[in-house]
Amino acid sequence: MMGFYRRYLAVVVTFLPFAWAFLRDARRFVLFGPSRSVSEAEHRRRATKLRDAMLELGPAFVKVGQVLSTRPDVVPPTYVEVLSTLQDEVPEDAGGDPLTVLEDELADGLDLETLEPVAGGSLAFVYTVEHDGERIALKVRRPGIQAIIERDLAVIRRIVPLIAIIAPERYEYSLKNVASDFETIILEELDFDREATMMREIRSNVDESQVVVPAVYDELSSERVLAMEFVPGRKITDENALAAVERTPTEMATLLAKTYLQMGLVDGVFHADPHPGNLAVADDGRLIIYDFGMSRRLTEAEQDDLVDIYRALVMRDVDRLLDALIDLEVLERSVDRSEVRRVLELVIENLEGRSEITWRAIITELMQMLHDFPFRIPPNVMLLVRVGTVGEGVCRQLDPEFDFITVTREFLVEHGFIESELRELASEIRRDFQSSIPALARAPTRFDRVATQIERGELVVKTEPVEDDGATRAIGYAILSGALFVAASILVFYDQPYELLALAGGVLCALVYVRSR
């Protein structure tokens with residue numbers, strides 16, 4: 001327990017200067033005084049120091065920083081940009097020596113003398129080793145990392161409420177579940193059984209002629225070791241990665257974008273960490289994807305909502321975008337729809353005024369404009385934001401002129417998501433018509449009864465006396481004209497030609513209305 005409190009104190013002391021600076025930004029003398037203006041350069045300097053502090057605090061805080069880089073609802077844009085550069089540069093001895101895990105679990109089944117290190121991360125190390133005459137890859141969890149992560153997550157759970165107290169009110173909804181969001185994402189990365197399941201599922205979904213996902217060796221895998229096919233390749237952003245294959249940078253960027261759109265919008269299971277270290281080019285030109293610790297599964301409802309967001313952005317449909325953001329719980333259902341709609345219209349107008357529109361620009365603009373409303377980014381949406389921004393960054397490293405929005409539009413067309421708008425509208429009209437058939441069937445009889453009452457002088461309409469003027473009469477003719485046109489469309493289904501009388505009456509009333517204006 002003393003270890004927990006020592007760690008808690010160390011974390012508080014590390015972050016206290018940042019909290020003090022942010023408090024002084026809001027009130028110059030902390031408890032009172034005006035706010036102070038802080039330059040972009042100063043915010044960038046602070047963000048860099050914050051990133052370095054998280055690196056010093058170890059694996060859990062490295063992961064927290066990476067997650068925060070996908071949370072523009074909590075972190076300002078400058079900090080998002082700097083934290084997105086946070087890499088898994090953790091000392092090899094943090095969490096213990098991974099070789100002890102291999103000695104405990106695989107010493108009898110593998111020749112550890114052939115073991116060679118490949119890469120190291122904040123949670124695990126990757127090696128290659130000889131197995132049945134070929135080299136395979138082993139992802140090995142640091143032996144003591146689980147206890148360290150759980151302790152640091154407990155510290156974070158204690159600190160977040162303190163941050164919520166001093167944070168501006170608009171962040172209240174965003175901060176409400178942020179600690180549990182961190183915990184969900186980070187602990188899932190420690191679950192190698194889950195990662196193996198995700199790899200198998202994504203591997204079964206991708207087009208193997210275009211994309212490579214390593215196969216899993218179940219007989220060698222465990223809770224702490226993930227054994228998989230070793231697939232060598234050249235890092236996707238290396239200068240000569242595409243030199244020896246028959247793919248241009250634009251073709252590879254398009255393949256990358258459409259692969260991830262397929263995962264998210266069609267398959268519902270996606271790899272959520274497409275930074276250059278996890279992407280490579282095989283000798284035959286195929287895209288290789290590594291490290292599936294950060295992967296997610298979407299529900300059908302979430303997939304539909306995401307399709308709606310992409311479709312709304314491509315088609316500039318503000319109402320659909322608003323509905324999708326509420327359904328995804330980015331916005332509260334109690335939010336003022338008219339105010340948010342006005343803001344979303346401004347977002348689209350601002351984006352249309354730019355010479356270049358990127359996914360990062362869309363997210364930044366959207367989150368900046370929504371900051372006055374209670375909103376948060378749930379874990380699945382958070383990781384999709386990361387996929388979009390990080391993936392687009394890789395695509396633009398390959399091809400600086402790459403247009404993610406155009407490729408997205410092509411993908412939506414290819415998969416029928418945009419054409420289905422017409423089918424959806426036709427289906428809605430058909431459903432409305434079918435539900436109206438009983439009323440339509442009774443309409444001629446009711447109209448005949450009303451017409452008979454009019455002929456006999458039995459129909460009485462009671463109204464409150466109003467001051468008579470030309471404008472009132474004109475409105476009356478307009479309403480009557482509209483009613484007669486509706487009646488004519490209904491009477492088409494009746495045997496007698498009553499629709500012609502109604503149509504003539506509607507035209508006559510419309511002419512009188514025009515003359516009386």
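## A covered strand

Let's begin with strand β2, residues 124-131, where 6 of the 8 residues are buried, so the strand is mostly covered. Here, buried means under 20% relative accessible area, exposed means over 50%, and partly exposed lies in between, using a 1.4 Å probe and protein chains only. Strands (E, at least two residues) and helices (H or I, at least four) are DSSP runs, numbered from the N terminus.

This is a predicted model, in which local features need pLDDT of at least 70, side-chain atom pairs count only at pLDDT 80 or more, and totals for chains, interfaces and linings use all residues. Residues are numbered from 1 along each chain as its sequence is written, and side-chain values use heavy atoms, leaving out hydrogens and water.

## Its two partners

Two strands pair if DSSP finds at least two bridges between them. On one side of the story is β1 (residues 116-120), which pairs with β2 in the antiparallel sense over 4 bridges. Gly 120 has Phe 125 of β2 as its bridge partner, and a hairpin of 3 residues links β1 to β2.

β2 also pairs with β3 (residues 134-141), again antiparallel, over 8 bridges. His 131 is bridged to Glu 134 in β3. The β2-β3 hairpin has 2 residues between its strands, and Asp 132 in the turn has a positive phi of about 55°.

## The whole chain

Stepping back, the chain holds 19 helices and 10 strands. Of its 517 residues, 45% are buried.
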